[in-house]
Amino acid sequence: MALQITTARPDPALLDLPWSTPLEDWPEHHLAALPRGISRHVVRFVKLSGRVLAVKEIKEDIARREYAMLRNLRRLDQPSVEPFGIVSGRIDANGNPLDACLLTRHLKFSLPYRALFSQGLRPGTETRLIDALAVLLVRLHLTGFWWGDVSLSNTLFRRDAGSFAAWLVDAETGELQSSLSDGQRAHDLDIARVNIAGELMDLQAGELLDDAVDPVEISNKIVTRYEELWRELTATEEFDTGERWRVEERIRRLNALGFDVDELAITTDIGGTSISIQPKVVDAGHHSRRLLRLTGLDVGEGQARRLLNDLDSYQAATDRQNDDEELVAHDWLTKIYEPITRRVPRELSGKLEPAELFHEVLEHRWYMAEREQQDVTIERAIEDYVASILPSKPDEVSVVGVDTVEMPVIAQPPSRP
Ligand SMILES: Nc1ncnc2c1ncn2[C@@H]1O[C@H](COP(=O)(O)OP(=O)(O)O)[C@@H](O)[C@H]1O
Ligand SMILES: [Mg+2]
């Protein structure tokens, strides 16, 4: 049988990769040394035509299933890694068959949780990761995806304005249905809780997690955070016809959580004295959609919220409350955001995504102002940040030559009180 390549983006360079060699033995010059999480299968990052792909060696039927699943999740606008292709029909030099490979695009600026923990973290990071995972799980469940192997290892994290956004990386065990029963959701949550507790205990055994942190207590948080969010997004609320403002208020609460209401069911009782409302379709990404519409910037939800706040203060500071929002946004983009993010020297540009950098500069300005007891301009803040903070940050676009478990411990600035 001959080599068979299935991909939505055919790239002839794929043919140059050493498919007749087991993935474990691929020569260094094909590989990109990026932090990688724990896995059952052999996974390697491979350089191909200027991009980086994650290659996972796996049985062909499983590869095809996972490929199709990832494509569906992307179509449903879920945060998952992007499938790139499948290579099957591999044969080694002695004519023996080799397993197939599933190719996904490497998710830029993403970090496996172990890499995060080996960086020396601010207190409470484990809780922020759990929060991000709870949001991801709620989103997946709302679209009818049952994961089956929820864990920190099967999730990638991206910095999102001081918090994290979680992305699904391993869809092997997942199932997509029109909707999930309460029992199925509870099952996934149970798997999550047990896996997370185990993963945190592992970190503790490896002295990467503070002894004061209780793995069981933290892992239970996935359940409470999930349930809180699920309730807010799906529960029916009842009130008197005289309290119609509560419709508006519910929508505002959902927006604050980062969701838009696409469809809201409103019903009244027979006598017409009470109203009940229930969100039917909600879409994540309220702030990032708004920012995208205003400025064309495509960033994380938390980052978007932060940038929108800065845009608001810009509007107030320039006394333009009555101007068109689009016009003010354009000025803010060209006069503030772009010049500031362009101030990063090229050799430091792999440290942080521009939007995350902007967020950090705003934080830094806050510290400086507090220290100096006076207002600090954003221009001074970026200058000081680039000189004193940025050089010591780990390179997150590509941590070259370092494996996850060996990543250096780098001191973080003190957390904001
Ligand atoms: N597209 C990707 N981008 C970034 N990292 C990835 C990607 N695909 C896989 N990885 C890394 O490889 C690890 C293992 O992948 P996973 O699909 O969970 O393999 P397994 O099925 O063997 O558990 C992940 O934890 C992640 O760190
Ligand atoms: Mg996995």
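Let me begin with a term: a residue is called buried when its relative accessible area is under 20%, exposed when that area is over 50%, and partly exposed in between, using a 1.4 Å probe on protein chains only. With that in hand, Y367 is partly exposed, with a relative accessible area of 22%.

Before going on, a word about the source: this is a predicted model, in which local features need pLDDT of at least 70 and side-chain atom pairs count only at pLDDT 80 or more, while totals for chains, interfaces and linings use all residues. Residues are numbered from 1 along each chain as its sequence is written, chains are lettered from A and ligands numbered from 1 in the order in which they are written, and side-chain values use heavy atoms, leaving out hydrogens and water.

The protein chain is divided, by an automatic or database domain assignment, into domain 1 (4-106), domain 2 (110-233), domain 3 (235-284) and domain 4 (300-343 + 352-392). Between the C-alpha centres of domain 3 and domain 4 there are 35 Å.

Now to the metal. The magnesium ion, ligand 2, is coordinated by N154 through OD1 and by D170 through OD, at 2.0 to 2.2 Å; donors here are N, O and S atoms within 2.8 Å of the metal, or 3.2 Å for Na, K and Ca, and because water is not among the atoms, sites may look incomplete. N154 sits in the loop between β7 (145-146) and β8 (155-160), and D170 in the loop between β9 (163-168) and β10 (175-176), so the pair ties together parts that are 16 residues apart in sequence; strands are DSSP runs of E with at least two residues, numbered from the N terminus. N154 is buried at 7%, and D170 is buried at 10%.

Next, consider R44, which belongs to strand β2 (residues 43-48). R44 is buried yet has no salt bridge, the nearest side chain of opposite charge being E24, 5.3 Å away; a salt bridge requires a side-chain nitrogen of Lys or Arg within 4 Å of a carboxyl oxygen of Asp or Glu.

Finally, the aromatic rings: those of Phe, Tyr and Trp (its six-membered ring) pair if their centres lie within 6.5 Å, with planes under 30 degrees apart counted as stacked, over 60 as edge-to-face and the rest as tilted. By this rule there are eight aromatic pairs. One of them is the edge-to-face pair of W19 and W26, at 5.1 Å centre to centre and 75 degrees between the planes. W19 is buried at 4% relative accessibility, and W26 is buried at 4%.

Technical notes. Helices (H or I, at least four residues) and strands (E, at least two) are DSSP runs, numbered from the N terminus. Lys and Arg count as positive and Asp and Glu as negative; His and the chain ends are not counted.
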